[in-house]
Amino acid sequence: MSNKTSDASIRVRWAVAVVVVLCVAFGMAPAPSFADVVVMGRGSTDPVRMVGADKTNDELLAGYVEQRFGEQLPAGDDLLTAQDTAGSYLTGNKAMLYNMLEPLIEQIAAGDVTSTTVALPIKKIAGQTSWSATELGVDVVLNEAEDDLAPGVDEALNAKLDETLDTETVMFALLADHPYELYWFDKTVGLTLQYDLTYWIEGGEEHLGFDNPEIVLPVAADYADEDSVDEFGVFHAVRPDVGTSVSTAVRNAVSVADAHKDEPASQRLRSFLETICAYTSYNGAAARGNVAYGDPWQLVWVFDGDPSTTVVCEGYAKAFKYLCDATGRDDVECHTVTGWLYVSQGANGEGHMWNVVRMPDDRNYVVDVTNCDGSSMGAPDKLFLAPCLSGSVADGYSFSAVTPSGSARYAYDDEIRSVFPEGELEISALAYDTASDVVVAERQQISPEVSMQGWTYGQAPSVPVLAQGSNPGGGVVTYEYKARDASDDAFVMAVPTNAGDYTLRATIGETAAYLGGMATADFSIAKAEPMLGAVYADAVVDKLDASVVVLHRTDASVAGTLTLDDASLEYGEHAYAWTFAPADEANYETVHGSVTVSVAGHAWGEPAYAWSADDATVTATRVCQNDASHTETETVGVTSAVTKAATCTETGVRTYTSDAFVNPAFAVQSKTETLDKVAHVYVTTVVEPTYEAGGYTLHRCSNCTDEYRTDQTDPLVKQQPDAPGDEGPGSGDEPAQPGQAVRSIAGAVVTVANQTYSGKALTPRPTVRLGGVTLVAGTDYAVAYAHNISAGTATVTITGKGVYVGSVSKSFSIAKAASSIKLAGQTRTYTGKALAYTGKVSKTGSTGKVTYAYYSDKACKKVVKAANVKAAGVYYVKATVAASANYKAATSAAAKLTVAKAANPMTVKAVARTAKLATVKKKAVTVAAPLAFTRKAQGKVTYAKASGSSAALSVNKSTGKVTVKKGTKKGTYTIKIKVSAAGTANYKALAKTVTCKVTVK
C-alpha cells in the first residue's frame, strides 16, 4: 500500500464476521440470568419482559405447539396469550430490520424456510455505510506494515456499526415478542453479523466502508440440519420436519372439529372418539416407562397423519378436549383430569389421564378414549359418556367394564381436586340418553337462599348461613367469594380478608332427586381504626414552617404517615391538628387528632467573620446556641482605598472595608494593609561635555535629595577637517561637521505606547530623548520592530544616525483583543434525559472552548447542573468562550431554554369481553375493562361513555369496567369509551375514544 497518500481510489476488501455481544446476555458465563433481560421501548418507562427467556429450547417448543393449536381455538379460549409489544417501540432502521426478520422467523418455525442466514438490504436500512478517518476519530485507518487495520479502528468501526445496525436491540425485541417461534434459536452462541470491509483513499483521506451484510441466526443442535454446520461449529439451517409436523397436525385437528361441530352433542363426541382411535394407537412401550405428563408432541402425534407416531393416555385425553373446545359450541364442557386407574381388586393404581364431560343435561360423565381404543377394557364405547356405579370425588368412582373384577375405579389426584370445584368432578349415576340428548330422569328445582354477616378488618370471618329449605336433597355445598363489582369469573374459594364490599356465592350440587342451585348474598368487611397510642412532637427552634415538625406515636404497629394539617406555626406552645394516613389505606381508616408543638426563638452567638483569600469578600456567620444546626450566613463584597500614600521615604496604608450586611446582626468589617515604599522619581539632567571637562547624565529624585550619575563621557576633542578620501569617524549619511562631537544613543530615554492585538503588525511611534533633546526619527535614528503582531511583549530598537552612534531597545505590551458571544433562545421537548443547549451560537474573537452554565431563574442566581436540565419548564443558559492566544474570554447574556412537555405515549386497544346470559337475567353484571393499554398512559386515567353506545352498557369512570344492565338479551353490544390521561409535569394530556364490544351469551 505504498501509494497510500494518492488521491486515486484504492480499494481493498476484507470479509469480516462479527459476533454480536448478544451472546453474553444469553447465558455464557459470567452473564446475568436471561430471565432478567428486558427490552425498553423508546420513550417508554415500561420494560417488555421476555416470556421465554429462562426456558430451554424444548420448553420453548412446547410453548410453540400450544400456541399453534391455541391460535385455532375460539376467542377467549387460547391456550397461550401471545405477547407482541416490544417491536412496536422500535423506530427508524431498527423497525425496518425487525419487520424484515419477524415473518422470516415465523416461516422458519413452521418449516417453510430452512436457512437462517439473512442478507440485509443495506441501502434501505443503513443511514451510512462508509466513514472517513476523521469521522471514525482516528489518525490512520490502515497499518501498511501489517496490511491490516490500524490499532483503534476496529473499536471505532464497531461503534459506527452499532449506530447503523443496532442488531442487538432488534434481536432482544424479537425474543420478547416471539419466544416460542424461536424454539430453534441457539441462545448460547449469539447472532453473527457478516459483511465485506472496503478501504480506499479519496481526496487525500483514508475511508472505510462495509457492504453485503448478512445476519446468521444460530440453530440449536437438536433442531439443526447437520449439513449446515460451519468451521466454528455453528449451524445455519433448521430441520424442516419439526415445524411441518406441527402445522400438519393443527390443520388436521381443525378439519376434524369443523366436520362434526354441527352434530348433536352425543353424536359429535362419538365422532371425535372414533376419529382419534382411527388416527392413532396406544404406545405400550412408552407407557411402561411411566412417562411424565407434559410432552408437547402427544397432541401433535394424534393428528400428524403418521401412523408410526403413537401416544399414551395424555395424547388421547388432550386430543379429545381440543376437539371439544375447537368447535366453539357451549353445550358441552370438557375437562382433562389426572389420577389413578384401578383395574382389579387389591392391585396398585396406574397413573392415568382421562376426560370429564358436562353434557346438556347439566351432569358430568367420564370419557376414557384410551381404554375405548383397540381391544382395551372399555372398547368400543363402554367408557364413553359412562355413568358411575358408585363412588365420590374424594374416594373415586367405579364403572362397568370388562376386567377381572368386573369394574374399574377412577380416582382423582390431589392436584385435580385442588384445581376444580367439587361440583365439576362429580360423576352422574344416571345414564345419558345418547339417542335424544335429553335427561332421562326429571329432577326437582330448588330455590336456595344464603346470608353472611360482615365484620371488621382483622377480626375472624363470619360463617355463611343457608336459609331453611335451601338444600332439601343434601347436595354438596361450595362457597365462593369475589369483590362486589368484579365479574363472576372472579369468584374464588378463599374467604376474603381485606376491607371492602364482597359477594358470597353458594353453589349446591345436584342429587338424584334435586337439581343443583345457586344463591348469592352481599356483605362487607369494614376498615379498622389504627391504634396510635400517644402522639407527641419534638420541640422546634425558630421555625414557623410546619413541615419541619417531627411527630411521634407510642404505638407504631400500623404503618403509615403522621403529618400536621397546618402549614405554619406560632411561637410558644399551641395545639395543631394532625392526620394519620395509613400505608394500607384499603384496610385502615384515616385518623385525625391534635398535638401540642413548642416553638422557641433563636439564641444567637457572636458573629464570626472570614475574609476570602483575595480579600474580595467577607462572610459573616452566627450559630444558634439552642440548636447548632441553625446558622445564619451572609457574604458581601469588599472595597479598598489607599488611606495613606507611600513615598520613597515612608510606607503607605491601604484600607479594606466590607459592604453593609443585610442582616443587621452583622457589622461592617475593615482591615488595613501596609504598602511598600514607592520608587524614587528621578529627574534626569544631561550635562554636556566640554573641551575642559567630561559630560554625564544626572538623576536626582524630585521628592528627596537622592541622586546618581550615568553616561559619563570624556572631554571633547577638537577635530581637523577631513582630508580628501578620508572616511574616518565623521563619515556617515550625514558626516559630522568639522569640530562636531559624535554622541552615543545608548543612553537615550525611549518612550513607546502599549497596544491591543489587531491581527496586523503594530508599529507605535517611539519618543527618543537624549540629554534633554528629543531626537528626530530618520535623521538622528532608525526604528526596527520585533514580535509586534501577536499578543505579548514586542520590542522596538533605536539605532543612531548622523552624529549619533550605537542603539537602544524598548519593550511594549500587546494586550489581547476583546471577544463576544451571543446565544439565541431554544425550545426542546422532554425525553427523560438531560437536554443540553444546542441552539445558535454567534461569537467573534476567541476560538477557545465554549462551555455552558444553566440556571433556573432569569437573574441567573440559582445554578442547575447540566444533567438536571431535563424536566419540562423554563431554564436560562449562559455560554462562555475561553481565552485564546490573542483574544480575551467572554460570557454571553442569558438565553431562554424551554423544555416543552412531551406527547402522552398512551395507546389503547379494544378487548372483547363476555357476560353469562344466565347471570344477566337475574342481575346486572360487571365485566373487566374491555380495553388494554399497549403503551402506558402518563397521568391519572379516567373513562367516560361516549355517544353512540348501547344503552345496555355503562362504564365506571375510575376503573373502566363495564356493567351490563340486568335483563339484557343474548347478543353483542357496542360501547364507545373515551379514555383520558391527565398528563404530568412532563407529559401533555391526551384523550382517545375506543369502540369496545361485550357479548352476552
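Trp-354, Phe-399, Tyr-410 and Tyr-412 come together in one aromatic cluster of this predicted model. Local features are taken where pLDDT is at least 70 and side-chain atom pairs only at pLDDT 80 or more, whereas totals for chains, interfaces and linings use all residues of the predicted model. Side-chain values rest on heavy atoms, with hydrogens and water left out, and residues are numbered from 1 along each chain as its sequence is written.

Within this cluster, the rings of Trp-354 and Tyr-412 have centres 5.9 Å apart and planes at 20°, so the pair is stacked. Rings of Phe, Tyr and Trp (its six-membered ring) pair if their centres lie within 6.5 Å; planes under 30 degrees apart count as stacked, over 60 as edge-to-face and the rest as tilted. The pair joins distant parts of the chain, with Trp-354 in strand β11 (residues 350–358) and Tyr-412 in strand β16 (residues 407–412), 58 residues apart. Helices (H or I, at least four residues) and strands (E, at least two) are DSSP runs, numbered from the N terminus. Trp-354 and Tyr-412 are both buried; buried denotes under 20% relative accessible area, exposed over 50%, and partly exposed in between (1.4 Å probe, protein chains only).

A second aromatic pair, Tyr-457 with Tyr-588, is edge-to-face, at 5.4 Å centre to centre and 80° between the planes. Here loops are linked across 131 residues: Tyr-457 belongs to the loop between β18 (455–456) and β19 (465–466), and Tyr-588 to the loop between β27 (572–582) and β28 (591–600). Tyr-457 is partly exposed, its relative accessible area being 22%. Over the whole structure, a search finds 16 aromatic pairs.

Charged side chains also lie over aromatic faces. Lys-671 sits over Trp-611 at 4.7 Å from the ring centre, and Lys-878 over Tyr-855 at 5.9 Å. The criterion requires NZ of Lys or CZ of Arg within 6 Å of the ring centre and within 35 degrees of the ring normal.

Leaving aside neighbours within four places in sequence, the contacts of Trp-184 include Asn-57, Ile-105, Leu-217, Tyr-223 and Val-238, where contact means heavy atoms within 4.5 Å.

Helix α7 (residues 167–177) has 9 of its 11 residues buried, so it is largely enclosed by the rest of the structure. Among the buried residues of α7 are Val-170, Phe-172, Leu-175 and Asp-177.

In strand β10 (residues 333–342) one finds Thr-338, which is buried with a relative accessible area of 12%. Its C-alpha atom is separated by 5.8 Å from that of His-352, 14 residues apart along the chain.

The structure holds 0 disulfides, a disulfide being a pair of cysteine sulfur atoms within 2.5 Å. Cys-388 is buried at 8% relative accessible area, and Cys-624 is buried at 2%.

For the protein chain as a whole, the secondary structure comes to 15 helices and 62 strands, and 40% of the 1001 residues count as buried. Of the contacts between residues at least 6 apart in sequence, 57% join residues at least 24 apart.
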